[in-house]
Every structure is written in C-alpha cells, then in structure tokens.
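Subject: Structure for your review

Dear colleague,

Please find below the structure that I am handing over to you.

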Amino acid sequence: MDTEASLGSLPSPPGMGRPVPEAEPDLVARWRSGGGELVELLSQVRERFGGIAAFRLGPAPTVLVTDPQAVQHVLARHPDRYVKRSHRARLLIGDGVLAATGAAWQRQRRLLQSQFTGTGMRRYEQRITEAARTTARRWAGYTRTGQTLDVGREMRSFALDAIWRSLTGHPLDDGTERELAAVAAVATALPTLPADVADAQDAVAADLARIDAVAGHAIEAARRGVAGPEGPGLLHILIDAATEHPEYTDRLIRDELVTLLVAGHETTATTLTWLYLLLDRHPAAREQALAAGGEGSPERRQAIQALVHETLRLYPSAWILPRHATEGDTLAGYTIEAGADILVCPYLTHRDPELWPDPEHFDPRRFIAPDGRPTHPGAYFPFGIGPRACLGLQFALRESTVLLEHLLPVHTLAFHSTPTKAVYGITVRPDGPTPATLEPPLS
C-alpha cells in the first residue's frame with residue numbers, strides 16, 4: 001500500500017475540533033521494513049502521540065483510539081456513528097451474530113442475549129461444572145502417570161466441552177473434539193489467508209467441510225428432538241426460533257452455532273493458557289488466591305476472579321476493535337472525518353502507565369483493592385463495551401472461575417518450555433506449545 005503522507009496532522013474543517021495528530025510516514029515505513037506485528041506500530045503511535053492519533057497504511061488515515069473517554073464515546077455512546085463493517089472471521093462464522101450488522105444483528109442479539117445473563121446462565125451452570133470435573137479427573141490421571149500435557153490443548157478441551165454441553169446437552173466426545181479442531185485451525189489461519197475471498201476459502205476448504213459436517217449433524221439431531229443427557233441446549237432454542245423467524249435457515253443456525261463455538265471456547269482457552277504461564281512466573285499469586293478463603297468461599301472466588309481479570313488486562317479477549325466512521329464527529333476535542341477507519345485497542349489501553357501503575361507487571365490485587373484499578377469504563381474492557389460488547393462475558397468468566405476452583409488447589413504445573421512471544425490474530429495467543437507436567441501442590 002501507499003505510505004506517502006504529509007507531515008503534521010489530519011485536516012480539520014472550520015468550526016470543528018482540533019486535527020488529530022498524525023504519525024510521520026517514516027514511522028510506518030520503518031515498521032513495514034521490519035516486518036513486525038501491527039501492535040508494534042500501534043504502540044509506537046500511542047507512545048508518541050497519545051490516546052488519539054492517526055497513521056496511514058494507504059491514502060486514507062486510520063485513527064487509533066486508546067483514551068478511555070474516547071473509547072466510551074466510540075463504542076458505547078455513539079455506536080451508530082462508529083459501526084462494525086465486517087468481521088475478520090466471516091469466512092468461518094458466516095452471518096453469525098459477531099459478523100451481523102443492522103436489523104439482522106439486532107434480531108440475533110435479542111434472541112441470544114437472555115441465554116447469557118441471569119436465568120439463562122443458571123441453565124448452563126451445571127454443564128460448565130461437569131466440564132471442569134472432567135478436566136480435573138483427566139489431570140488427576142496425569143499426576144499419577146507423570147504424563148506430559150500441553151496446557152493450551154487442555155484449556156481448549158475444557159472450554160470446548162463446556163460450550164458443546166451448553167449448545168447440545170451432550171458432553172464432548174473424542175471424535176467430535178478431533179473434528180472441531182478444525183475451528184481452531186481456521187481461526188489461526190485467518191490472518192495469513194489470501195485477500196481474495198475465493199482463494200481464502202479454497203485454502204481452508206477441508207477444515208470448513210469438517211466444521212460444516214459436525215454442525216449439520218448436531219442441527220439435525222436437535223431438530224429430531226434428540227436432547228442430550230443434560231437436556232436440550234442453546235442449539236434447540238435456535239431451531240425453535242426458525243418457527244417464528246424464517247430468516248433462521250439451516251445456514252444461519254450453522255453460522256450461529258459456529259460463532260458460539262468460536263467465541264465460547266477460543267477466547268476462554270487462550271485466557272486460561274496465559275493465566276497459567278503468568279502463574280509460572282508469579283507463583284505467589286496462586287498462593288495468595290488460595291489463602292484468601294476456604295474452598296467455595298466468596299473470598300476465594302473473588303481472588304480467583306481477580307487472577308482472571310488481571311490476565312484479561314494483559315491479554316484481552318478482543319485485543320483490537322475496528323470501527324468505521326459513518327459521519328463526521330468530534331472525538332475528545334479532535335475532528336474525525338466521515339469515512340475514517342478507527343482502531344480501538346484494549347491491549348494498549350490496558351497497558352497505559354497513566355491508567356495502570358507498573359502496567360507490565362502481573363498484579364491481581366488491582367481487582368481486589370478498593371483503589372486498585374481505574375473506574376472509568378473505557379479503561380478496562382477486555383470484552384468490549386456498549387451494545388456490541390461480547391455476549392458471552394459472564395459465560396467466559398464463569399467457565400474460567402469454575403475450572404480454576406477445581407484445579408488450582410490440587411495441581412501446580414512445571415513447564416518444560418514456554419513461548420517467548422505472542423501472536424496477534426483474532427486473539428492474542430502464545431506463540432508455540434506449552435508442555436508441562438503436574439506436580440504436587442506447594443501448599
């Protein structure tokens with residue numbers, strides 16, 4: 001792409017806000033020549049120009065937003081001005097709720113919303129617990145045999161089991177798990193696929209076919225009224241919706257099913273993997289969480305949740321949130337022109353030293369101490385904020401907390417090796433395997 005741009009700031013129409021400060025072309029050119037991750041360029045732009053700044057990857061500017069007030073303005077107060085145009089995972093999730101826009105998104109969101117709050121969440125509580133118990137039994141076996149496990153793979157197995165039980169009422173069997181490995185394979189490949197849609201589809205056609213086959217089988221079983229041993233699942237609700245809403249075709253039900261599989265296990269698995277890597281470097285944090293209270297106590301649960309929240313601060317589920325300005329606006333005193341691309345970046349907001357003292361340090365006490373974290377909603381938003389915030393926030397937090405309540409008191413991990421860097425794709429994931437063995441707990 002063309003990186004030519006004039007020095008200085010983006011133009012500002014008379015009577016509006018200040019022009020957005022813009023990074024010099026040399027900064028972008030050096031980043032391109034180094035072949036680095038996009039986050040490296042964004043970090044340099046934020047460090048030099050602050051919480052609202054622009055850079056050019058082509059003829060039009062892209063505006064980076066990390067300032068908490070500006071984040072809330074874009075995502076929560078004016079989502080009609082800053083819209084989501086498409087989703088990088090559309091090849092995988094089709095027209096599921098993550099990728100949908102406009103009236104279709106509103107209908108799909110309304111149907112799913114009740115399933116992930118209040119009564120809806122209580123319906124899945126036991127299924128999450130059973131998935132955690134399954135993992136705990138597997139880990140007990142690893143402890144007896146001394147078998148090496150891959151922590152990332154274990155976390156994916158648990159999270160996939162939890163969401164599969166919630167969707168279908170069935171525990172995850174080995175054959176289904178093997179086939180659904182294609183979901184992670186496509187999600188991992190997405191950032192490197194060809195720009196041409198047809199070429200991209202060809203590159204992952206075999207994996208998409210495996211996913212479609214599993215989804216089709218599950219939909220057909222649910223349509224025949226075959227409830228699992230844990231009762232009907234969320235998939236049955238999607239199928240029932242088709243009787244009143246003809247837009248819920250088999251294809252849309254498949255897209256929602258795959259969307260929920262992706263959102264319901266990939267982000268949770270990644271968060272839990274990072275958490276164990278962080279505990280390997282900061283073992284005292286585990287001891288502090290367990291010492292906060294007895295088994296099942298509110299104090300211990302709060303301390304475990306703080307471990308999860310601090311992990312999400314450093315490695316948010318959605319590390320970057322692209323938006324498109326549909327009209328001109330004034331954002332925190334700066335002029336945003338219609339047509340501008342906006343990148344809201346939780347990853348950088350969460351590591352801003354003006355908001356989070358010693359931001360690179362893993363300190364779960366930030367989420368327990370009365371003044372441990374900034375109170376502005378735009379300062380901490382690992383699942384987004386506003387109407388398009390992640391539907392599965394409560395589900396993901398419950399999954400993580402329940403599993404850790406089962407595993408942390410009993411098992412400690414000895415990693416054989418740990419990844420040296422992160423990969424910034426749909427999620428921020430460790431770059432490499434995470435082999436470990438289980439040891440008797442230190443306390």
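Predicted model: local features only at pLDDT ≥ 70, side-chain atom pairs only at ≥ 80, totals over all residues.

Residues are numbered from 1 along each chain as its sequence is written, and side-chain values use heavy atoms, with hydrogens and water left out. Helices (H or I, at least four residues) and strands (E, at least two) are DSSP runs, numbered from the N terminus.

Salt bridges

Side chains of opposite charge can pair when their charged atoms come close. The structure holds 26 salt bridges, a salt bridge being a side-chain nitrogen of Lys or Arg within 4 Å of a carboxyl oxygen of Asp or Glu. One of them joins R56 and E22, with 2.5 Å from N to O. R56 belongs to strand β1 (residues 52–56) and E22 to the segment before α1 (25–34), so this pair ties together parts that are 34 residues apart in sequence. R56 counts as buried because its relative accessibility is 15%, and E22 counts as buried at 3%. Here buried means under 20% relative accessible area, exposed means over 50%, and partly exposed lies in between (1.4 Å probe, protein chains only).

R46 and D352 also meet in a salt bridge, at 3.9 Å from N to O. R46 is in helix α2 (residues 38–49), whereas D352 is in the loop between α15 (346–349) and α16 (393–407), so the pair links parts that are 306 residues apart in sequence. Both R46 and D352 are buried.

A further salt bridge is formed by R81 with E327, whose closest N and O atoms are 4.0 Å apart. R81 sits in the loop between α3 (68–77) and β3 (82–83), and E327 in the loop between β5 (321–325) and β6 (329–331), so parts that are 246 residues apart in sequence are tied together. E327 counts as partly exposed, at 36% relative accessibility.

Helix α3

Seven of the ten residues of α3 are buried, so the helix is largely enclosed by the rest of the structure. The buried residues are P68, A70, V71, Q72, H73, V74 and L75. The N-terminal end of α3 is capped by D67, which has a side-chain oxygen 3.2 Å from the backbone nitrogen of Q69. For reference, a polar contact is a pair of N or O atoms within 3.5 Å; within protein, one must be able to donate a hydrogen and the other to accept it, and residues adjacent in sequence count only if both atoms are side-chain atoms.

The sheet

Five strands form an open sheet with mixed pairing, in the order β1-β2-β8-β5-β3. Its edge strands are β1 and β3, each of which pairs on one side only. Two strands pair if DSSP finds at least two bridges between them. Strand β1 runs antiparallel to strand β2 (residues 61–65), and five bridges join them. F55 has T62 in β2 as its bridge partner.

Cavities

The structure holds two cavities of 30 Å³ or more. On a 1 Å grid over the protein atoms alone, a cavity is a set of points where a 1.4 Å probe fits but cannot get out, and a pocket is an open set with protein on both sides within 12 Å along at least five of seven lines; lining residues have an atom within 4 Å of a point. Grid points are joined across faces, edges and corners, and a volume is the space filled by probe spheres set on the points.

The largest cavity contains about 50 Å³ of space. T267, T268, T271, V308, L312, S317, F383, A396, L397 and S400 line the largest cavity. The elements that give two or more residues to this lining are α12, α14 (298–314) and α16. The second largest cavity has a volume of about 30 Å³, and α12 supplies the largest share of its lining, four residues.

The second largest pocket

The second largest pocket holds about 480 Å³ of space. Its lining has 23 residues, of which G152, R153, R156, A184 and E266 lie nearest the centre.

Yours sincerely
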